[in-house]
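Let's take a walk through a protein fold together, one piece at a time. Keep the sequence and the picture side by side as you read.

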Amino acid sequence: MRVVMFTGKGGVGKTTLAAATAALLARAGRKVLVVSTDPAHSLGDALAVELSGEPLELEPGLSAAHIDTRALLDGSWTGLRAHLRTLLAGAGVDELVADELTVLPGVEELLALGEVRRAAETGPWEVVVVDCGPTAETLRLLALPEAMSGYLERLFPAHRRAVRGLLAGLSGAGREAQSAWDRTIDALDTLAEQLDGLRTMLADHRRTSIRLVLTPERVVVAETRRTLTALALHGLHVDGLVANRVVPRPPSSLRGPAARWLRVRHTEQQAVLAELDAVPVPLRTAVHTAEEPTGVEALLEVAQSLYGSSDPVPPAGGAPEPLLQVQRTAGQGKSLDSEFELVMHLPGAGVGALDLSRVDDDLAVTAGGTRRMVALPSVLRRCTVSGARLSGDDLRVAFTPDPAVWFR
């Protein structure tokens, strides 16, 4: 079972390429669902059909749907929000404050991602192709499960949820009140399990991958490189770049102003694409078509020119290297002369701003316009940061033992 997520700067054609990829996979005999989490809901326009939240079979093996986040919000989240208000009110939080605390930013996107996971795990499809929103929204979407898990754990720690109805019992509440507490804790535990499932799905590089769609323009390529770094920072796997609307080389016999424009545009685009040679991610190109491709047959032509005879979603390779690696660079055992390096592989980190700071047992890393709190391995929590450097695409942070806590 594979999940392939297409994203890119708004207007680069990610919806068209996601739909084209799904159509080619279906024609090759694989059972495919292409689904949109983009609020713009242009997937139906690309396929030339009316779509809803329920998968519609367009032809044998190919189904499509739009995720209706408003319906999800009115359904599952409304009940959970009521449970959260109950728990906060029981802990002595003012009713108005409790109501505000349960309005969580990004919950619609989170519910959409949950629907993708549900489709992948319970549906009959071999591949789920996801047409995501533009890159900024997608980065927020993919970071939400981890951020929401942290929010939930700080607000309602798991060890406190495990003591079911304790506060209700201590306050002398009756059986009905304790039953309400139990239902609330059950709802929170269910949310925690769902968040953990989403994090597991996104972190499984053999199952889930992301494709960045771009057009050969320097502004777009710069954003793509930042996105690549930001996704790597969150431990997410990008399996390919797709350059869309590439102008073909005009024949030498062509003359006139139009021919000059085509040659200049082609030369400019090739120079921009050459800048991506250093990016350690496979690059494919889709030729700019004279007509906008809509409908399955037109999308198939785009996909065939993009992938040729190769498999659009080949079997995943072995497990990738972990995001974090700790290397001892000096000393042995628990000696104070020990030195360590924390290595993070961040493609493209060298071309943008990079910021580091130590916050208790976490390392706050900002790269590609994205900040992430990275939990330090236990051995490094007893150390202090002594330096940092970039080695290619590897961020290397040096640590030395803190004598005050090293032998604890």
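Two strands pair if DSSP finds at least two bridges between them, and strands (E, at least two residues) and helices (H or I, at least four) are DSSP runs, numbered from the N terminus. The model is a predicted one, in which local features need pLDDT of at least 70 and side-chain atom pairs count only at pLDDT 80 or more, while totals for chains, interfaces and linings use all residues. Residues are numbered from 1 along each chain as its sequence is written, and side-chain values use heavy atoms, leaving out hydrogens and water.

Strands of a sheet pair through backbone hydrogen bonds, either parallel or antiparallel. Here three strands make an open sheet in the order β11-β12-β13, with antiparallel pairing. The edges are taken by β11 (354–359) and β13 (370–375), each with a single partner strand, so one side of each has no neighbour in the sheet. On average, neighbouring strands of this sheet are turned by 20° against each other, direction ignored. Between β12 (residues 362–367) and β13 there are six bridges. Which residue of β13 is the bridge partner of T366? That partner is R371.

Lying across β12 and β13 is α10, which runs at about 165° to β12; axes are lines fitted to C-alpha atoms, for helices over the stretch in contact, and angles run from 0 to 180 degrees between N-to-C directions. In the loop between α10 (218–233) and β7 (238–246) you will find H234. Is H234 buried or exposed? H234 counts as buried because its relative accessibility is 15%, where buried means under 20% relative accessible area, exposed over 50% and partly exposed in between (1.4 Å probe, protein chains only). Setting aside residues up to four places away in sequence, H234 touches A143, E146, T370 and R372, a contact being heavy atoms within 4.5 Å.

Next, look at helix α12 (residues 296–307). Its buried residues are V296, L299, L300, V302, A303, L306 and Y307. They cover an arc of only 160° around the axis, which means that they sit on the same side of α12; the arc is that of the directions from the helix axis to the C-beta atoms. An α-helix has 3.6 residues a turn, so residues three or four places apart point the same way. After α12 comes G308, with a positive phi near 60°.
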